[in-house]
Amino acid sequence: MRVVFVGPPGAGKGTQAKIISNKFDISHISTGEILRKHLKESTELGKKAKSYMEKGELVPDSIIMDMIRALFQSGKIKKNGFLFDGFPRNIRQKKLLDHLLNEFNLSINKVLVLEVPDDIVIERLLKRAEKEGRTDDTRKIIKKRLQIYHKITKPIINSYKEEELVNFIDGIGTIEEITEKISDILINYK
Ligand code: AMP
């Protein structure tokens, strides 16, 4: 099972990705989480990514692709597959990912798009800021991240649509309800 989760920030991708990856015993790969870990540990990579992340901008593709390649080469990805959360984030990353997977004789077999309107996403992220204190969860940066999602990330959906891989999921509802919808799609697919 090789799945990509797409959706605006605050759509619940991270929450669902954790649940689903546990349930299906696949690797959860969140580029945002990996980057935040680097930032916290002040690694070279973290230092390079910091200014982009603080502004809500995308980190350069080369940094992201090096991270992903390293993961594939590490042999740490589970046998049952993986779930990308927050990656790919633009057409170029999608193409580079296709190439990389091709090298390993693999391909993506499902793309799930979690849909939540902007006003709800903004509300959710401002609440998350109170709880988790993520520095990129301020109103200004949230707006920037949403703009980038609509302009730069969403085009990958069309590209995956051409490959007939996409399912849209209404991201409004309880965590359990959405997990069930996602599970139904993945179980039927399996
Ligand atoms: P996320 O946790 O997915 O919302 O990501 C948080 C931040 O990390 C984003 O606003 C970007 O600055 C950076 N980031 C995460 N994933 C990517 C990616 N695939 N490409 C570029 N930047 C990314």
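1. A word on the model first. It is predicted, with local features needing pLDDT of at least 70 and side-chain atom pairs counted only at pLDDT 80 or more, while totals for chains, interfaces and linings use all residues. Numbering runs from 1 along each chain as its sequence is written, and side-chain values use heavy atoms, with hydrogens and water left out.

2. Start with the ligand. There are 16 residues around it, and Thr31, Arg36, Glu57, Arg89 and Gln93 come nearest (a residue counts as near if one of its heavy atoms lies within 4 Å). By class, that shell holds six nonpolar, four polar and six charged residues. Here Ala, Val, Leu, Ile, Met, Phe, Trp, Tyr, Cys and Pro count as nonpolar, Asp, Glu, Lys and Arg as charged, and the others, Gly among them, as polar. Helix α2 (residues 31-40) gives the most to the shell, with four residues; helices (H or I, at least four residues) and strands (E, at least two) are DSSP runs, numbered from the N terminus.

3. Arg36 puts a polar side-chain atom 2.9 Å from a ligand oxygen atom, and a backbone N or O atom of Glu57 lies 2.6 Å from an oxygen atom of the ligand. In the side chain of Gln93, an N or O atom is 2.9 Å from a ligand nitrogen atom. The protein covers 95% of the 470 Å² of accessible area that the ligand has on its own (Shrake-Rupley method, 1.4 Å probe).

4. α2 also packs against another helix. Its axis and that of helix α4 (residues 61-74) come within 11 Å and cross at roughly 100 degrees, which makes α2 roughly perpendicular to α4 (65 to 115 degrees). Axes are lines fitted to C-alpha atoms, for helices over the stretch in contact, with angles from 0 to 180 degrees between N-to-C directions. Thr31, Ile34 and Leu35 of α2 meet Ile64, Met67, Ile68 and Leu71 of α4 (heavy atoms within 4.5 Å). That contact has six nonpolar, one polar and no charged residues.

5. For helix α7 (residues 139-153) and helix α8 (residues 155-162), the axes come within 5 Å and cross at roughly 35 degrees. The contact of α7 with α8 has five nonpolar, two polar and one charged residue.

6. Two backbone spots deserve a look. The peptide bond from Phe87 to Pro88 is cis, with omega near -5 degrees, and Pro88 lies in the loop between β3 (82-85) and α5 (91-103). Asp25, in the loop between α1 (13-24) and β2 (27-30), has a positive phi near 55 degrees. Most residues other than glycine have a negative phi, and most peptide bonds are trans.

Conventions
A polar contact is a pair of N or O atoms within 3.5 Å; within protein, one must be able to donate a hydrogen and the other to accept it, and residues adjacent in sequence count only if both atoms are side-chain atoms. Angles under 35 degrees count as roughly parallel, over 145 as roughly antiparallel, 65 to 115 as roughly perpendicular and the rest as oblique.
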